Amino acid sequence: MSDFTSNFWSWFIASITIVGIAGCLLLLWITARKKVAARSDNTTGHVWDEDLYEMNNPLPRWWMGLFIITCVFGAGYLLAYPGLGSFGGKLGWTSVKKYDAEVDRLNASIAPIYARFDGMSVTALAADPQAQAIGERLFVNTCAQCHGSDARGSKGFPNLTDNDWLWGGEPENIHATITDGRMGIMAPVAEAVGSGEDVRNLAQYVLSLSGSPHDSVQAALGKDKFLICAACHGADGKGNQLLGAPNLTDKIWLHGYGANAIIDMITHGKTNIMPPQKDFLTEAQINVLTAYVWGLSNNQSQVSQASGQ
Ligand code: HEC
Ligand code: HEC
């Protein structure tokens, strides 16, 4: 219920609050009882600017009434809502409950819009202009900060518009990626590879896999060391979507192109995280987004063909 580490602070704060309110009422009571010695002309004897006299009148009743109402309201409020240390209040109100209720209300209000998409296949959704428009807006809101508003990504953040997939580009792969997130882990393996020269040779071999410019003598020397990499990237270097290990034989580089980028990967490794979205998006929204992302790399003619089936 509360984040206090001991009851002391809870009591400390609660007592300051209660003593404060009680003190206000006490002050009012004392001042209302005590008569200030009045002069015959009903002034207190305080004079400012030569002729500005302070009158000796009691507080107006309406003002005292408001003062008391404020104190009573405060007491009632503290009884109903959290405010007295770790006492949660009789109404059981919490900001988390309020937030959840608002999310539920908003989700309920958009549910009818998504109802039409219920049970539609990913291919059909990808061909549906309204679903695509909604998908695009969802993407811009929740995905673009990492993948870019055109979904082409940037260094470390994959391009979602090409056909190169770390974790697979089938609808169910994309759906799983969005729902549960992904964590791509490449351990630092330089020690297992050997000396600095071994690592440099291996980097040249990796470059040769994609037909990129490389030193063929060094590449030949580094070839054997690729056995260590094969566990994840496959013997042919074409990657493994179960591990999120990228294909090293294409010319698409998530973490930068060139021997130095490869040496850096071998030396330092990399942990790259796609955060799970299931707590932020409804299942219906994830379905629409899946279709939107799938549609980005499956060109329109394919999409309309598939939905026509
Ligand atoms: C905080 C940054 C971040 C946000 C926000 C984010 N992503 Fe990602 N996403 C990543 C990273 C980083 C990866 C690569 C993970 C890896 O290297 O294995 C990734 C991977 C992916 C992949 C897999 C790509 C592949 O090649 O297999 C898909 C699909 C994807 N994201 C879709 C989305 C969608 C849709 C959203 C919005 C709901 C989204 N992402 C939001 C960072 C993000
Ligand atoms: C434990 C599994 C594993 C091993 C072993 C491994 N890698 Fe990786 N590697 C990965 C993963 C996973 C990624 C993607 C990281 C990410 O999600 O961003 C990756 C990424 C890379 C990249 C970046 C590719 C790009 O597109 O930018 C290079 C280059 C690379 N690895 C080379 C190697 C080499 C060379 C070896 C052997 C010395 C090796 N890896 C060993 C799992 C592995």
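Biologist: How many Å separate the centres of domain 1 and domain 2?

Modeller: In this predicted model, the centres of domain 1 and domain 2, taken over C-alpha atoms, are separated by 68 Å. The domain assignment gives residues 1–110 as domain 1 and residues 185–274 as domain 2.

Biologist: Where does UniProt place the feature "transmembrane region", and what is the chain like over residues 62–81?

Modeller: The unreviewed UniProt entry places that feature at residues 12–30 and 62–81. In the model, residues 12–30 are 100% helix and 0% strand, with the end C-alpha atoms 26 Å apart, while residues 62–81 are 95% helix and 0% strand, with 28 Å between the end C-alpha atoms.

Biologist: Which residues does the annotation "domain: Cytochrome c" cover?

Modeller: According to the unreviewed UniProt entry, the annotation covers residues 130–210 and 217–297. The span 130–210 is 56% helix and 6% strand, and its end C-alpha atoms lie 40 Å apart; for residues 217–297 the figures are 48% helix and 6% strand, with the end C-alpha atoms 38 Å apart.

Biologist: Let us turn to the ligands. Which residues come nearest to ligand 2?

Modeller: A shell can be read by its nearest residues, by the elements that supply it and by residue class. Around ligand 2 there are 27 residues, of which Gly184, Met186, Cys229, Cys232 and Asn272 come nearest. The elements giving two or more residues to this shell are β3 (182–186), α9 (196–209), α11 (226–233), α12 (259–268) and β4 (270–274), and α11 gives the most, with five residues. By class, the shell around ligand 2 has 21 nonpolar, five polar and one charged residues.

Biologist: Which residues come nearest to ligand 1, and how do the residues of its shell divide?

Modeller: Of the 25 residues around ligand 1, the nearest are Cys143, Cys146, Gly184, Asn272 and Met274. At least two residues of the shell are supplied by each of α6 (144–147), α7 (171–180), β3, β4 and α13 (283–297), and the shell around ligand 1 divides into 15 nonpolar, nine polar and one charged.

Biologist: At what angle do the axes of α7 and α13 cross, and why is α7 called oblique to α13?

Modeller: A crossing can be described by the approach of the axes, their angle and their handedness. The axes of α7 and α13 come within 9 Å and cross at roughly 125°. Angles of 65 to 115 degrees count as roughly perpendicular and those over 145 as roughly antiparallel, so α7 is oblique to α13. The crossing of these two helices, α7 and α13, is right-handed.

Note on methods:
Residues are numbered from 1 along each chain as its sequence is written. Chains are lettered from A and ligands numbered from 1 in the order in which they are written. This is a predicted model: local features need pLDDT of at least 70, side-chain atom pairs count only at pLDDT 80 or more; totals for chains, interfaces and linings use all residues. UniProt positions are given in the numbering used here, feature names are shortened, and annotations may be inferred rather than shown by experiment. Helices (H or I, at least four residues) and strands (E, at least two) are DSSP runs, numbered from the N terminus. Domain bounds come from an automatic or database domain assignment. A residue is near a molecule or strand if its C-beta atom, placed from the backbone, lies within 6 Å of it. Ala, Val, Leu, Ile, Met, Phe, Trp, Tyr, Cys and Pro count as nonpolar, Asp, Glu, Lys and Arg as charged, and the others, Gly among them, as polar. Axes are lines fitted to C-alpha atoms, for helices over the stretch in contact, and angles run from 0 to 180 degrees between N-to-C directions. Angles under 35 degrees count as roughly parallel, over 145 as roughly antiparallel, 65 to 115 as roughly perpendicular and the rest as oblique. A crossing is left-handed if the near helix is turned anticlockwise from the far one by less than a right angle, and right-handed if clockwise.
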